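Me: I have a structure open and I'd like to walk through it. Can you take my questions one at a time?

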Amino acid sequence: MVRSARASSRDRSIAQFYHSRWTVKDGAPGQISALAQTRDGFLWLAAAATLYRFDGVRFEHVEPLDGEPFTVGIQTLHASPDGGLWLGFQQGGAAYFKDGHVTRHGEAQGLSPHQLSSFAIDADGVVWTGGRSAGLLRLEGGRWHSVGDDWGFPSRQATYVFVDRDGTLWVATENTLVFLPKGSRTFRKTGARVKWVGRIAQASDGSIWITELDGNVRPVARANGELLDAPASIDVLSAGMVFDPEGSLWMSTLGEGMRRLPHPELLGDRQIGRLDPAAEIFTEKEGLSADYAWPLLQDREGNIWVGTSGGLDRFRHSSLVLAEFPRGAHDFALAAGDDGAIWAGTTNRPLMRLHDRQVELTELDADVRCAYRDPDGTVWLGTSKDLWRIEGNRPVRVAALPETAVSQQVQAMTKDASGALWVAQAAAGLLRWKDGVWTRMEEPLGLAPEIRVFSATTDAEDRVWLGSRDNTIIAIDHGVARHYGAADGLHLGTVISLRAGKRLWAGGEHGLAHFDGHRFHPFGVADKESFRGVAGILEMPDGGLWLHAVPGIFHIPADEVARAVADSTYLARGERFDFLDGLPARPTLLRPLPTAVQGTDGRLWFATSNGVVWIDPARIFRNPVPPPVAIRSVHVNGRRLAPSSSLTLPERATSIEIDYTALSFTIPERVRFRYRLEGVDEAWQDVGARREAYYTTLDPGHYRFRVIAANNDGVWNETGATLDLTLPPAFFQTWWFRALSAAAVLLGLWAAYLLRLRKVRAHMRSLLEERHRERERIARELHDTLLQGFQGLILRFQAAVEKLPASEPARAAMEKALDRADEVQGEARARVKDLRAASERVGELSSAFTRVGEELAQDGPVEFHVSVEGQPPSLDAIVRDEVFRIGREALLNAFHHAGAQRIEVELVYDDGELCLRVRDDGCGVDAELLEAGGRPGHWGLPGMRERARRIGAQLEIGGRGDAGTVVELRVPAAVAYRGDPKRAFRHRLWRVVRGGR
């Protein structure tokens, strides 16, 4: 079970270490009894019976996933090389904890029931432990074995065990210190006399130090076991001790806070008292969470951690160092003195000179509001009444300022090549002092009397530059003033800082600009905090920049400066130092200005509203350690899953949250992350400091989540952490469900198609039936009216003709007319017969075609044959009639026009279609006639095609040259076999099997 709390920090500085603390109020545990850092990078804390895990941002209360929770106080923690954690309890016994699983060790495993004070793991991976009453034990073969005479161990007590950098095991007994060299099985004595040893540590020179609970911290022996001659000692009651990478000794005390001894190797045989100035002291007054401090730990990045009765504290290297000016001083006017000293004037303290951590105070009769070091090395000071300069490290009054009716406070100063000092007063205009004479410069230069100058500098061409309000810079070149503003590319607001070096730089309310000799150009940085209120500008000899602005102190390397100057749209990359680095406040934006100066020893000094810091550009601390990356947990639909190398998510996971972290403790607030879910994200997602990834509505499948991180100095861990995720499909997301759904849709579409086809066929049949009924009506009308009347006329004309004499010429003409009338009547009867043919019973097609062929064959010697393939089914009546008419027309053409010797009719009753073929071996059909669709005035071929279209059939007529003609009619089974439901079902099944063809 894990409970999380987000931490906050409170910040102060100690020497070149920056301090942050987490208290109970901020989410950290209370009194901390043990600290450890495991191989994965997490920091572990023990407080009473509670185990916590910390990643620099959040604390987690951790309990075993299996077995009983921790119910007794945890006395000690020790990280194992395999990533596990050894725990020793106040009531005796031990446990090994790894990946949430705990293995208990007690008397059943050969362990003493008494309290264990420490653990150590030697170069062979053997675990050692000991206690005042438990003696010395080692773990071998899954059991603990007591170490005694067989190993040459001279005691029944082991108050502390420790393995040094060479693999040597050191053990403190009740009165001496012994050691076991790497690979040996016999302990050796050092001869040292010790009391109750609480800690053992190894210094950078290899010497072995101990803390004794009676109040001494001292070195005892060299790494080879030799005793030290007249060793030093430190009088402090310490429960924790550690040496940092620079060799400094850190000590926690039981009630007196922290101690840091910068150079313990230089002590010799000195005895250091509790308040000796050689040791730096850090207590609750300086921001420590509590004065009662116990465990100390140095993490893999070199940070020092201390657990107190009030919380958790961290000390880390800081490139910014808080200057040791008296507390409460503010409004610092800075100027560089000789030998690396710094002069500082304030509004509430005497003039101060800081040199070698010592501050000298000098009383003046007014507050120093402006300080300036000229190119000759002279330091000038301006007050509200007088002008001063430093001579022999003492201030000397130079001249009184001209009296005015308004404030005379000095705002800015600069010196030109002639030796004249230009002095800008806050509200009293511009002055020039030379040869002991003050000159007002507004009128000679044509400047407005109300001009307010905030900054000043002199360039290499002896031009004096003045920064003013209202986005104005004034250049004074040999007595001529020129104003630069928005029309010249200036967009800074009030110009509060100027710096002339390789080029002229100007800083103001809205950023930074540089001058190219004709106009100003903006200068931007690729930082989430843009330039605002640039109050100090320092240009290094190589062209690099240091800038003091509201967001912090910016360092822009020379190559980035050159690139940004060449391209005004380019955003320069650099580094920023802010409150996370120990910057106590923002710069002042009114006075004193500028807020950044460079000392004669190369250090850079920056004044803020709450103190002064300095930085050595040649000694900036970098963090070279890439941060380990870990995936903390996965939340799916609001439910937390424990992370592992791979997870199978529940079905229908619509909301996935992946919590990850990076174990960089130097400045965890500056850790940056990138992540990518392979299969979803095409590119890396740069999310800054965010430690959660969110995904919704993922498709079922396999995914890999990757996350990488960079530490505070941009060193990336490109390997990062990975998590394989499997999202199984729900039943409605499976392939078989989709296949069934697709099949159901297709079946539905097919059913809709069949229903539509049925309606179309019914409509077509009704139209055909109506047409046939109309034809029958027309045939009846023709027969009953026209033909009957025509017949009557013929009979009457015949009677009239018979009355005429045979020799009458008119009788012969009328008999010819009557013969023609008989022919017309015969043709009319044939047409009426054709109209009524649809209502006549055609019968089975093969028999019908046989009758037609036999009738037609009587007119000439033609071989005629009808063949049938398949079982003749019951056909739709209308389709049968139309097929018969098309076939009869084809036979009429073959018998009357083809001149054929053999004519064949072939009927094929297939499950897929009804096919009719009429073939002859006659003269064939002219291709041009087929292309034209028939002879002009003849409707045989067009009529056949029209009939085929009405029933949805395909008709093909092809000439075979001298080989004759083939007429082929194909009628779909669904149309032709309507009258045969069994055949129609077989047809549908056949279409499904063959893909609907």
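Predicted model: local features only at pLDDT ≥ 70, side-chain atom pairs only at ≥ 80, totals over all residues.

Me: Where is Asn-712 found?
Reply: Asn-712 is in the loop between strand E68 (701-710) and strand E69 (716-727). Strands (E, at least two residues) and helices (H or I, at least four) are DSSP runs, numbered from the N terminus. Some background: residues are numbered from 1 along each chain as its sequence is written.

Me: Is Asn-712 buried or exposed?
Reply: Asn-712 counts as buried, because its relative accessibility is 16%. Buried means under 20% relative accessible area, exposed means over 50%, and partly exposed is in between (1.4 Å probe, protein chains only).

Me: Which side chain has a polar contact of 3.0 Å with Asn-712?
Reply: That of Asn-623. The side chain of Asn-712 also makes a polar contact with the side chain of Asp-713, at 3.5 Å. A polar contact is a pair of N or O atoms within 3.5 Å; within protein, one must be able to donate a hydrogen and the other to accept it, and residues adjacent in sequence count only if both atoms are side-chain atoms.

Me: What else does Asn-712 touch?
Reply: Leaving out residues up to four places away in sequence, Asn-712 touches Asn-623, Ser-664, Thr-666, Ile-667 and Arg-670. Contact means heavy atoms within 4.5 Å.

Me: Switching to Glu-906. Which strand does Glu-906 lie in?
Reply: Strand E71, residues 902-909. Glu-906 counts as buried, because its relative accessibility is 16%. Its side chain has a 3.0 Å polar contact with the side chain of Arg-919.

Me: How many residues along the chain separate Thr-648 and Pro-728?
Reply: They are 80 residues apart along the chain, yet their C-alpha atoms are separated by 7.4 Å.

Me: On to rings. How many aromatic pairs does a search of the whole structure find?
Reply: 41 aromatic pairs. Rings of Phe, Tyr and Trp (its six-membered ring) pair if their centres lie within 6.5 Å; planes under 30 degrees apart count as stacked, over 60 as edge-to-face and the rest as tilted.

Me: Which strands hold Trp-86 and Trp-144?
Reply: Trp-86 lies in strand E9 (residues 85-89) and Trp-144 in strand E15 (residues 143-146), so the pair ties together parts that are 58 residues apart in sequence. Both Trp-86 and Trp-144 are buried. Another pair, Phe-325 and Phe-332, is tilted, with 5.5 Å centre to centre and 40 degrees between the planes.

Me: What about the nonpolar core? How many residues has the largest one?
Reply: The largest nonpolar core has 41 residues. Such a core is a set of buried Ala, Val, Leu, Ile, Met, Phe, Trp, Tyr and Cys residues joined through side-chain atoms within 4.5 Å. Leu-891 is one of those with the most contacts inside this core. The largest share of the core, eight residues, comes from H6.

Me: How many residues does helix H6 have?
Reply: Helix H6 (residues 877-897) has 21 residues. H6 reaches 30 Å from its first C-alpha to its last, close to the 30 Å expected at 1.5 Å a residue. The expected span is 1.5 Å times one less than the number of residues. Just after H6, Gly-899 takes a positive phi of about 60 degrees.

Me: Which residue other than glycine has a positive phi near 55 degrees?
Reply: His-478 has one. Most residues other than glycine have a negative phi, and most peptide bonds are trans. His-478 lies in the loop between strand E47 (472-477) and strand E48 (480-484).

Me: Last topic: what is the peptide bond from Arg-591 to Pro-592?
Reply: That bond is cis, with omega near -5 degrees. A cis peptide bond also joins Leu-593 and Pro-594, with omega about -5 degrees.

Notes: Heavy atoms only, no water.
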